[in-house]
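Hello,

Here is the structure I promised to pass on to you. Please open it next to this email and follow along as you read.

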Amino acid sequence: IVPTLPGRVGNEATPDKVSLDLYRDTVLKAISGDKSPVVLVGHSFGGIVISEVAEAKPSDVRALVYLAAYLPKDGDSLLSLATGDKDAKIGPHLKIDKEHGIASVEQDARADLFANDGSDKLRQVIPGLILDEPLGPLATPVKLSPAAFGKVPKYYIHTARDQVVSPWLQDAMIAVTPVRTQVKLDTGHTPFLTDVVGVVHAIEQAASPK
């Protein structure tokens with residue numbers, strides 16, 4: 001199941017209508033038809049979203065898999081985690097447009113940031129694949145509790161050459177919010193484009209009944 005979050009092609013919404021709660025509810029609706037708990041995989045900012053889903057309906061979630069993702073504690077936001085990432089390279093290339101309510105990454109930096117381990121062909125096309133993001137969800141702190149989010153098993157897939165969510169931050173987040181299993185891929189921030197087999201294997205490890 002691949003939900004299309006509001007504000008993307010196929011689920012259009014203007015930035016002022018988009019919120020973290022709306023993202024959470026979109027995922028909850030997408031998984032509501034499943035008869036058994038699901039494994040949720042979140043990439044990058046998706047880690048914030050799946051954490052909110054687990055807090056809202058822990059009984060519907062068998063496990064959370066964080067793929068090069070932000071793993072928050074209560075009160076964190078993407079903005080607070082990202083600005084504290086001392087090794088990330090994205091900061092100088094991030095543009096905040098408060099008037100239109102969006103955050104964007106400079107076009108000429110996107111290949112190095114998101115596909116530093118990619119082929120020349122991928123590096124040519126990836127700037128057009130990166131979307132501008134509504135500001136609201138990025139700045140919204142999560143509300144997580146030990147009784148809900150805390151009880152859902154968590155797994156982390158590290159990306160050793162990541163320029164966006166740095167290996168340092170990945171380790172720092174896990175030190176605060178421990179996970180059951182960790183897998184490391186020798187990739188940048190988009191391993192589902194540069195190491196498909198490795199990503200599938202890592203998710204299958206996390207998804208296997210324990």
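Below is what I found in it, part by part.

Before you start, please keep in mind that this is a predicted model.

Let's begin with an open sheet of four strands, which pair in parallel and follow the order 1-2-6-7. At its edges you will find strand 1 (38-43) and strand 7 (181-185), each of which pairs on one side only. If you compare neighbouring strands in this sheet, they are turned by 15 degrees against each other on average, with direction ignored.

Now look at strand 2 (residues 61-67) and strand 6 (residues 154-159), which form a parallel pair over four bridges.

Which helix lies across strand 1, strand 2, strand 6 and strand 7? That is helix 9 (residues 196-207), and it runs at about 175 degrees to strand 7.

Strand 3 is joined to strand 4 (residues 102-105) over four bridges in the antiparallel sense. To find one of these contacts on your screen, pick Ile96: its bridge partner in strand 4 is Ala103.

**A covered helix**

Next, have a look at helix 2 (residues 46-56). How many of its eleven residues are buried? Nine of them are, so the helix counts as mostly covered, given that buried means under 20% relative accessible area. The buried residues in helix 2 are Gly46, Gly47, Ile48, Val49, Ile50, Ser51, Glu52, Val53 and Ala54. Their cover includes helix 1 (20-31), strand 1, strand 2 and helix 3 (78-83).

**A nonpolar patch on the surface**

Finally, turn to the outside of the model. Val125, Leu129, Phe192 and Leu193 make up a nonpolar surface patch, and together they have about 350 Å² of accessible area. Leu129 sits in the loop between helix 5 (120-125) and strand 5 (133-134). Is Leu129 buried or exposed? Leu129 is exposed, because its relative accessible area is 52% and the cut-off for exposed is over 50%.

Best wishes

Note on methods. Residues numbered from 1 in each chain as written. Predicted model: local features only at pLDDT ≥ 70, side-chain atom pairs only at ≥ 80, totals over all residues. Heavy atoms only, no water. Pairing = 2+ DSSP bridges. Helix = DSSP H or I, 4+ residues; strand = E, 2+ residues; numbered from the N terminus. Axes fitted to C-alpha atoms, helices over the stretch in contact; angles between N-to-C directions. Contact = heavy atoms within 4.5 Å. Patch = residues over 30% accessible without salt bridge, like charges linked within 9 Å, V, L, I, M, F, W, Y side chains within 5 Å. Areas by Shrake-Rupley, 256 points an atom, 1.4 Å probe, with all protein chains shown as cover. Salt bridge = Lys/Arg side-chain N within 4 Å of Asp/Glu carboxyl O. Buried < 20%, exposed > 50% of the residue type's maximum accessible area, 1.4 Å probe, protein only.
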